[in-house]
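Please go through the structure shown here with a view to its helix packing and charge pairs. The briefing is arranged by topic.

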Number of protein chains: 2
Amino acid sequence: MPADSNIVAVEEKKEDGLFQSLTERSKHEDFIRRAVDLLVERVVFGRASRTSKVVEWSAPEDIKQAIDLKVRDGPASHEELLAFMADVARYSVNTAHPYFVNQLFSSVDPYGLIGQWLTDALNPSVYTFEVAPVFTLMEEEVLREMRSIVGWADGEGDGIFCPGGSIANGYAISCARSYFYPEIKNKGVYAVPKLVIFTSELAHYSTKKMAVFMGIGSDNCILVKADENGRMDVNDLERKINEAIEAGATPFLVTSTSGTTVYGAFDPIVPISNICKKYNLWLHVDAAWGGGALMSRKHRNLLNGIELADSVTWNPHKLLAAPQQCSTFLLKHKNVLKEAHSSNAQYLFQKDKFYDTSYDTGDKHIQCGRRADVLKFWFMWKAKGSEGFEKHVEKLFDNANYFLEHIRQREGFRLVIPKPECTNIMFWYIPKCLRSCENEPNYYERLHKVAPKIKERMIKEGSMMVTYQPQGNLVNFFRIVFQNSALDHKDMIYFANEFERLGSDIVV
Amino acid sequence: MPADSNIVAVEEKKEDGLFQSLTERSKHEDFIRRAVDLLVERVVFGRASRTSKVVEWSAPEDIKQAIDLKVRDGPASHEELLAFMADVARYSVNTAHPYFVNQLFSSVDPYGLIGQWLTDALNPSVYTFEVAPVFTLMEEEVLREMRSIVGWADGEGDGIFCPGGSIANGYAISCARSYFYPEIKNKGVYAVPKLVIFTSELAHYSTKKMAVFMGIGSDNCILVKADENGRMDVNDLERKINEAIEAGATPFLVTSTSGTTVYGAFDPIVPISNICKKYNLWLHVDAAWGGGALMSRKHRNLLNGIELADSVTWNPHKLLAAPQQCSTFLLKHKNVLKEAHSSNAQYLFQKDKFYDTSYDTGDKHIQCGRRADVLKFWFMWKAKGSEGFEKHVEKLFDNANYFLEHIRQREGFRLVIPKPECTNIMFWYIPKCLRSCENEPNYYERLHKVAPKIKERMIKEGSMMVTYQPQGNLVNFFRIVFQNSALDHKDMIYFANEFERLGSDIVV
């Protein structure tokens with residue numbers, strides 16, 4: 001039956017208002033049930049086992065051949081649509097696979113998935129209590145609990161869900177400058193002598209990118225040196241603050257990182273906070289990656305002093321493995337978000353509603369319409385309890401440590417950082433042709449070419465996905481990232497073996 | 001069986017890598033199947049009929065009583081989780097209901113929903129081809145097709161999916177200033193004399209809000225007068241541009257609106273474009289709401305001249321009824337997005353990959369991790385074809401016109417704008433106590449109180465949801481919004497009757 005009938009026939013028969021274009025419930029219900037079977041059988045469970053591929057690699061032109069991506073004037077049939085679903089899944093990377101350890105997110109949690117599916121079925125936009133009553137209260141509850149875990153008394157403060165950690169780090173810039181210089185809201189940054197931000201040279205690129213977007217400019221995002229473990233050098237921070245002041249600029253914000261993107265380093269919050277107090281600067285902690293460690297009594301000391309921060313970015317979709325996307329921006333201060341961003345649009349935030357309009361929280365955001373990212377995380381939290389997250393996090397650290405100690409001793413592996421702090425482990429894999437060539441003049445030039453070659457092999461085989469990158473003066477190295485607690489020590493051996501299998505005979 | 005076993009038992013048994021915390025597939029599969037049944041039966045179809053309620057109104061404190069929103073240390077059972085799902089659905093507003101006509105989004109499309117569910121199951125983040133091959137190509141295809149519909153030859157140009165129309169309008173600011181003043185990227189807005197933006201006083205609040213966020217300041221977002229139909233007054237635009245130049249400011253952007261938020265007015269693009277050419281300004285068209293009319297040969301003339309724009313915001317989740325959230329930012333220019341935003345993070349956008357890295361498009365965005373919002377829309381487009389969207393849009397306009405003509409003649413209704421251009425219709429409902437009191441001194445003061453009272457009744461009964469707002473000097477009026485093409489003329493009569501039933505005896 002052609003799918004267009006839902007639109008065409010709507011003028012003849014319309015019993016049911018649920019769907020924009022429903023003619024007969026039975027027809028749509030049949031499609032939905034078949035589609036859901038396909039989703040559960042072939043997507044959620046069908047790609048699950050360790051013996052399946054992480055990716056069915058195909059070049060762009062081959063995918064375009066395999067899937068008819070072009071849209072058409074006329075409709076596709078339900079059969080065709082089901083085939084599209086299967087093909088989209090087939091050629092997509094299996095980010096749920098245990099051997100997808102390529103990014104700071106992975107896995108599909110069953111409760112997170114169902115929470116997401118429920119959100120989709122309810123199709124909310126979260127700006128007023130009137131339109132999203134449950135989601136509004138749920139956000140309030142989850143954000144308060146997260147603030148409480150950060151260490152702010154009674155979970156006081158404020159917070160929002162954001163479309164990603166980058167934008168959360170942008171909110172930190174916006175809140176900090178509004179807090180110190182509220183006149184910027186009306187006058188723009190022209191109102192204040194050149195504003196400057198400080199963050200580590202190893203911080204995520206988003207602080208600089210958002211500084212550009214927000215009119216501050218990349219030159220005014222000053223990068224502080226990191227030490228050999230990747231942690232911010234506090235002496236260099238103070239030196240650079242003084243240099244900026246002497247140059248007539250206006251320091252207002254330090255963004256410290258808890259879990260840097262590449263090395264997983266945790267900047268020392270307590271001394272950074274002391275500097276911020278001394279110079280009256282806003283302290284933002286970007287714990288997008290490392291924030292999940294706060295759920296573990298054993299590992300939360302990595303973030304010692306986080307309660308001294310003015311604001312925190314924490315993405316549950318990273319270390320806590322919530323589905324994409326689940327990012328939060330948390331503040332110690334109660335009214336800064338609203339003061340910085342509110343525009344009091346009368347068409348949406350009417351003050352003469354019959355209920356307490358302090359529940360209409362949308363004006364704190366720069367978004368207007370906004371997806372609800374809270375339910376999936378709340379549902380996971382309900383399903384596992386805080387204890388469940390704690391066990392999850394401790395499993396990740398245990399696996400990472402096991403992998404670290406394994407490759408530390410294994411031939412062909414060389415660590416980039418001797419003691420990584422988070423669950424990402426960085427290493428070079430040295431193929432046979434390069435072993436004991438370290439003193440040759442072109443050694444690093446050759447080593448630089450190894451990772452891309454191994455990566456190509458691994459993707460084409462689909463046996464795992466691990467990312468690589470250069471960093472500063474260091475040539476390409478691998479970074480394996482653990483946030484899937486279904487992995488165990490045997491998997492750690494698998495990864496090491498697989499590097500050997502794919503890489504030992506590489507010739508560069 | 002307690003849900004925590006997925007975490008606890010993972011150390012004992014781990015056959016299957018799909019889920020972060022899977023112990024036995026059968027147990028999770030059982031939960032997922034029961035949850036899916038609940039979703040399909042009780043959420044998707046169970047809330048569908050016109051006789052169900054749009055909302056089960058409860059005050060915040062009552063919802064907190066009804067749903068245990070607090071997270072706990074320990075896990076909930078699967079039974080408890082299923083009960084939570086039912087309760088979350090019960091107390092959430094039924095935005096899929098035909099009588100939810102409260103916002104610029106509504107309805108649940110069956111194909112959009114399945115597209116969204118498939119996206120969730122695949123859990124992608126769209127920044128590199130390597131990690132999101134299908135989604136990357138699908139975005140490219142859909143954005144090209146949308147540009148082609150806008151009217152740019154061969155769909156040339158560039159574009160991105162954004163987390164909402166507000167941020168899309170922010171991208172317009174960013175692209176425009178980068179295009180004219182590329183030095184801002186490094187130096188910040190300090191590099192250029194005070195930048196100013198022009199938009200209509202009836203434009204969406206996001207342009208001003210983003211101007212604040214982006215360091216330009218609300219005073220430098222200059223509001224142009226609208227005429228009696230809500231369309232930008234082009235003479236006033238030119239006057240204000242000249243005033244700004246005389247005051248030493250730097251005009252660089254005009255944001256024109258196609259489908260204003262409250263009145264649904266379409267600013268006249270051709271004359272605005274002429275002004276932009278004359279003064280060398282970027283023309284952005286915010287067609288977040290009205291863009292869907294481009295799919296209809298009958299109604300696309302409302303956006304005449306849109307191909308003259310430098311950039312366009314168009315949200316398929318509005319008039320085209322894609323699920324939340326589906327927003328696009330489209331440009332005629334090919335490289336501006338990249339020049340304005342790229343930061344070339346080496347850890348993510350490696351240039352020595354084995355495939356053509358021009359497919360790694362994430363650096364054009366200010367987001368790093370990013371949900372895939374394309375698949376649901378692509379899947380709807382496949383299911384309906386362009387013809388299906390055209391019929392959908394024409395149905396909406398037909399319904400809106402029918403409702404307009406009906407209330408134009410009906411006692412108790414008074415139109416705010418005689419000839420609204422889009423599918424939102426604005427009116428006052430005049431209760432009996434106010435009829436023929438128009439000359440009394442406190443008439444408007446009393447009329448202002450009517451809409452909140454009717455709104456309270458309608459929400460408490462759950463019989464429909466229609467929003468109200470004041471605007472400028474005008475007291476509170478209703479705005480009914482049509483984007484659900486399952487509605488028909490009988491529904492239009494229902495709405496009018498319902499206003500009469502709820503409102504005629506209101507005493508103010």
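Predicted model: local features only at pLDDT ≥ 70, side-chain atom pairs only at ≥ 80, totals over all residues.

Residues are numbered from 1 along each chain as its sequence is written, chains are lettered from A and ligands numbered from 1 in the order in which they are written, and side-chain values use heavy atoms, with hydrogens and water left out.

**Helix packing in chain B**

- Helix H13 (residues 374–409) of chain B packs against helix H16 (residues 489–503) of chain B at an angle of about 40°, and their axes are 9 Å apart.
- This angle makes H13(B) oblique to H16(B); angles under 35 degrees count as roughly parallel, over 145 as roughly antiparallel, 65 to 115 as roughly perpendicular and the rest as oblique.
- From H13(B), Asp398(B), Asn399(B), Tyr402(B), Phe403(B), His406(B) and Ile407(B) meet His489(B), Met492(B), Ile493(B), Phe495(B) and Ala496(B) of H16(B) (contact means heavy atoms within 4.5 Å).
- The residues of this contact between H13(B) and H16(B) divide into 7 nonpolar, 3 polar and 1 charged.

**Asn399 in chain A**

- Asn399(A) has its place in helix H13 (residues 374–409) of chain A.
- Asn399(A) is buried at a relative accessible area of 1% (buried means under 20%, exposed over 50%, partly exposed in between, with a 1.4 Å probe and protein chains only).
- Neighbours within four places in sequence aside, Asn399(A) is in contact with Leu487(A), Asp488(A), His489(A) and Met492(A).

**Salt bridges**

- Over all chains, the structure holds 76 salt bridges (a side-chain nitrogen of Lys or Arg within 4 Å of a carboxyl oxygen of Asp or Glu).
- Arg33(B) and Asp37(A) form one of 3.5 Å, N to O; Arg33(B) lies in helix H2 (residues 25–45) of chain B and Asp37(A) in helix H2 (residues 25–45) of chain A, so the pair joins two chains.
- Arg33(B) is partly exposed at 30% relative accessible area, and Asp37(A) is partly exposed at 41%.
- Asp158(A) forms a salt bridge with Lys364(A), with the closest N and O atoms 2.7 Å apart; Asp158(A) is in strand E1 (residues 158–162) of chain A and Lys364(A) in the loop between helix H12 (336–341) and H13 of chain A, so the pair ties together parts 206 residues apart in sequence.
- Asp158(A) counts as buried at 7% relative accessibility, and Lys364(A) counts as buried at 14%.

Definitions and conventions: Axes fitted to C-alpha atoms, helices over the stretch in contact; angles between N-to-C directions. Helix = DSSP H or I, 4+ residues; strand = E, 2+ residues; numbered from the N terminus. Nonpolar A, V, L, I, M, F, W, Y, C, P; charged D, E, K, R; others polar.
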